[in-house]
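Visitor: I have the sequence and the fold open, and I'd like to go through some of the labels. Can you tell me what stands behind them?

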Amino acid sequence: MSENRRIKVLVCKPGLDGHDRGAKVIARALRDAGMEVIYTGIHQTPDDVVNTVIQEDPDAVILSILSGAHNALCPMIMEKLKEKDIDDVLVAVGGIIPDEDKPFLEKHGLKGFQGPGTELKEIVEFVKTNLKR
Amino acid sequence: MRQFAGFGTAAQTNERYKFLLEHGQTGLSVAFSLHTIYGYEADNEYALGEVGKEGVSIDTLKDMETLFDSIDLSKISTSMTINAPAAILLAMYIVTAEKQGHSPDLLRGTIQNDILKEYIAQKSWIFPPEESMRLIIDTIEYCTQHVPQWYTVSISGYHIREAGSTAVQELAFTLADGFAYVEAAMERGLNVDDFAPRLSFFFNAHNNFFEELCKYRAARRIWAKRMKNKYGAKKPESLRLRFHTQTAGVSLTAQEPENNIVRVTLQGLAAVLGGTQSLHTNSFDEALCLPTEKAVKIALRTQQIIANESGVADTVDPLAGSYYVESLTNRMEEEAEAYFFKIEELGGVIPAIKANFFQKEIANASYKYQQEIEKNERIVVGVNDFQLREACSTPLLKIDDQVSKVQIDLLNKIRKNRDNEMVKAKLEKLKIAAQGSENLMPYIMDTVREYASIGEIISTLKEVFGTYDEDSIF
């Protein structure tokens, strides 16, 4: 991507999980790092997430899930994005993601898996280096 | 000693409860599945992937009967962490006890039922604030008359703190919520001394030892003063602030999880020295998953060691008179008073929620906290200092994805076998009552008895009350 354009990131909380502290802190850290950040708020269904991606055309989507629903929600979001021919957006998930679930999620095209204790600068760096466009 | 537990189906959690009771636990504390917390049935679109993951899945009275199977509800006390649909779960509990042959006046326990902190921090609201307040005052009024040993609202700072507030914000926002419930109940026409003794509090126990124990001392002082001077309470029990404490989940680290056992011990100790009436000590693996049986046992043993071996529970307020403890308590009280003034200026708690006042305060505090960690101004052992580079593995509790299927099958069976005409009639009566101003508890109990699901009851109320959305600020 051109160096002049700001990276645009969508931070989402899919599912019913209300633990939004991490998502909000990350949204602010990315904004402080110069990115354009949209935070969807909580209670997003997979369709909500995909619709916002279509409307906002972000470079990256960050899903924050701490409830254990990642294996159900993430693949569904990826499938729905594929149906809309969206394949140039980085989709990352963080929160509480057990190691043993990572290969399954990776297979569906998800990246990231940052958990509690991750430094914000590491997340900023991760977004910058994993963009697909 | 009361450890929070619930996962999977009601039958699975019933097994865990029996295990805890056999190991000396004296009360039960129910964690509900997210779909139950939001009032959706297990087969709702929103329940996808959530059934039984964070707590026990309850759809109908049948699940509640299974949850307490072979547990005598007249002998134990039960705390239920439920807010927006609290009236429904309480109704299910009362009817379950009724079926065991116990009258409501024998029942002891707590429903969290604190909706204000949901708008402020935890986010599991359903209806708009005013309608939610009505349901809460309905439960307070109903219990005052029929379930006199029940704690009707557990006014909670825990979630405010977990969402990122400071200790003073936790103290101030929680007490402000408490005063809002007192005022609303008095507006309903209830006598303050009739309901105030059944209000309780729920605080967090975080890392800073003295700040935490002074927070509890300040809370007791503020509550007693206001109840007496502002609300005219006369009974000593109305002035007493009773509280449950849980150690700070957010302080647990995924790195070197065994270190959490030590953190929890110190946090629990601060709570006991600060005068807590009941305690939940977190399990060391909770930054990774729901706790395993081994971790749950260590957490319970931690409390038992504090209570029975250390001697700290032998004296009331043992740190009173220490220059540091007294001056810190005074300072926290003053800072809380400054917040009460601000909230009043905004027009009270509900207008302050709608103006995003609390949400902004908490978001700012949590971002500052994280930045302090990143700049190493705040040390978290094993995370930003003294790190080990070796990988460790902790056995995790996995919730079987079959739970969702099992729960949905159970729900379908209920739908088929109950008297659906009767369910419809009772829901219609509830709807009409909701349009008026009557207490809704008896109507909710009637729907529960017919095995109406929590989803059906909530949908009915949504038709009258509407729903609520917040601005997503960060």
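Predicted model: local features only at pLDDT ≥ 70, side-chain atom pairs only at ≥ 80, totals over all residues.

Visitor: Why is B:Val383 called partly exposed?

Guide: B:Val383 has 18 other C-beta atoms within 10 Å. Buried takes 20 or more and exposed takes 12 or fewer, so with 18 B:Val383 falls in between and is partly exposed.

Visitor: Where does B:Val383 lie, and what does B:Val383 touch?

Guide: B:Val383 sits in the loop between H16 and helix H17 (402-417) of chain B. Leaving out residues up to four places away in sequence, B:Val383 touches B:Thr253, B:Gln255 and, from chain A, A:Gly117. B:Val383 and B:Ala254 are 129 residues apart along the chain, yet their C-alpha atoms are separated by 8.7 Å.

Visitor: How many residues are in contact between chain B and chain A?

Guide: On chain B 32 residues, and on chain A 29, are in contact with the other chain; a pair counts when the C-beta atoms lie within 7 Å. Helix H2 (34-37) and helix H16 (357-374) of chain B are the elements that give two or more residues to the side of chain B that touches chain A. The largest share, 5 residues, comes from H16(B). By type, that side of chain B divides into 15 nonpolar, 10 polar and 7 charged residues.

Visitor: And B:Gln169: what makes B:Gln169 count as buried?

Guide: B:Gln169 has 24 C-beta neighbours inside 10 Å. The label needs 20 or more, so B:Gln169 counts as buried. B:Gln169 is found in helix H8 (residues 167-187) of chain B. Not counting residues up to four places away in sequence, B:Gln169 touches B:Ile160, B:Glu361, B:Ile362 and B:Ala365.

Visitor: Which way do the residues of strand S6 (residues 153-156) of chain B point?

Guide: B:Val153 and B:Ile155 point one way, B:Ser154 and B:Ser156 the other, and all are buried.

Visitor: What makes S6 an edge strand?

Guide: The open sheet has 4 strands in the order S6-S7-S8-S9 (chain B), with parallel pairing. S6 and strand S9 (278-280) of chain B each pair on one side only, and they are the edge strands. From one strand to the next, the twist averages 25°.

Key. Residues numbered from 1 in each chain as written. Chains lettered and ligands numbered in written order. Contact = placed C-beta atoms within 7 Å. Nonpolar A, V, L, I, M, F, W, Y, C, P; charged D, E, K, R; others polar. Pairing = 2+ DSSP bridges. Axes fitted to C-alpha atoms, helices over the stretch in contact; angles between N-to-C directions.
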